[in-house]
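Colleague: I have a model open and would like to learn how to read it. Could we go through it feature by feature?

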Amino acid sequence: MTTTYRPINCEFHDVLEATATGQRRVTIVYVDAAGEECTALARITDLRAKEGAEYMHLDDGRVVRLDAIASVDGVRLDAF
C-alpha cells in the first residue's frame, strides 16, 4: 500500500457511514500494510481522520485506512 493517502469517493464514504450506523457485521476486504489482501467479518465502530488520512475502526480491534479498502458488504470502492 502506498504511504500517501488518497481520499476515497464521497459516495463510498456514505456507504461506510450507513454501514457503521446499521451496526451490522459485514465482510470487509482490504489491503494491509504488507500489501496482502485481507478479509474481515466485523462491525464498523467508527470512522476517524488522523494526520491527513481517514481510518475505519472495527469491533475486532483492527484499524483500516480507507484508501486500503477494496469492498465493504460487497460494495466495491472501485465502482465509484
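Modeller: Start with the elements. Helices (H or I, at least four residues) and strands (E, at least two) are DSSP runs, numbered from the N terminus. E51 lies in the loop between β3 and β4. This is a predicted model: local features need pLDDT of at least 70, side-chain atom pairs count only at pLDDT 80 or more, and totals for chains, interfaces and linings use all residues. Residues are numbered from 1 along each chain as its sequence is written, and side-chain values use heavy atoms, with hydrogens and water left out.

Colleague: Is E51 buried or exposed?

Modeller: Take the cut-offs first. Buried means under 20% relative accessible area, exposed over 50%, partly exposed in between (1.4 Å probe, protein chains only). E51 has a relative accessible area of 77%, so E51 is exposed. Look at its backbone too: E51 is not a glycine, yet its phi is positive, about 50°.

Colleague: Where is D73, another residue with a positive phi?

Modeller: D73 sits in the loop between β6 and β7. Its phi is near 55°, and D73 is a residue other than glycine. β6 and β7 form a hairpin there, with two residues between them. D73 is partly exposed because its relative accessible area is 38%.

Colleague: How many bridges join β6 to β7?

Modeller: First the rule: two strands pair if DSSP finds at least two bridges between them. Two bridges join β6 to β7 (residues 75-76), and the strands run antiparallel.

Colleague: Which residues are the bridge partners of Y30?

Modeller: In β2, the partner of Y30 is C38. In β6, the partner is I69. The strand pairs behind these are antiparallel: β1 and β2 are joined by six bridges, β1 and β6 by three. The hairpin of β1 and β2 has five residues between the strands, and G35 takes a positive phi near 85° in that hairpin.

Colleague: In what order do the strands of the open sheet run?

Modeller: The open sheet has three strands in the order β3-β4-β5, with antiparallel pairing. β3 (44-50) and β5 stand at the edges with a single partner strand each, so one side of each has no neighbour in the sheet. For angles, axes are lines fitted to C-alpha atoms, for helices over the stretch in contact, and angles run from 0 to 180 degrees between N-to-C directions. Neighbouring strands of this sheet are turned by 25° against each other on average, direction ignored. β4 and β5 pair over three bridges. H57 stands opposite V63 in β5.

Colleague: What lies across β3 and β4?

Modeller: The helix α1 does, running at about 135° to β3. Contact here means heavy atoms within 4.5 Å.

Colleague: How should I read a nonpolar core?

Modeller: A nonpolar core is a set of buried Ala, Val, Leu, Ile, Met, Phe, Trp, Tyr and Cys residues joined through side-chain atoms within 4.5 Å. The largest one here has 21 residues, and L16, I28, I44, M56, L58, I69 and V72 touch the most other members. α1 (10-22), β1 (26-31), β2 (37-42), β4 and β6 (69-72) each supply at least two residues of this core.

Colleague: Which residues does L58 contact?

Modeller: L58 lies in β4 (residues 53-58). Its relative accessible area is 5%, so L58 is buried. Leaving aside neighbours within four places in sequence, its contacts are I28, A40, A42, R43, I44, T45 and V64. The C-alpha atoms of L58 and A42 are 6.1 Å apart, although 16 residues separate them along the chain. I44 in turn touches residues including L16, A20, I28, M56 and V72.

Colleague: What does the side chain of D67 reach?

Modeller: Define a polar contact first. It is a pair of N or O atoms within 3.5 Å; within protein, one must be able to donate a hydrogen and the other to accept it, and residues adjacent in sequence count only if both atoms are side-chain atoms. D67 is found in the loop between β5 (63-65) and β6. Its side chain reaches the backbone nitrogen of R6 at 3.0 Å. The D67 side chain also makes a polar contact with the R65 side chain, at 2.7 Å. D67 is buried because its relative accessible area is 8%.

Colleague: How many disulfides does the structure hold?

Modeller: A disulfide is a pair of cysteine sulfur atoms within 2.5 Å. The structure holds zero. C10 has 62% relative accessibility, so C10 counts as exposed. C38 has 17%, so C38 counts as buried.
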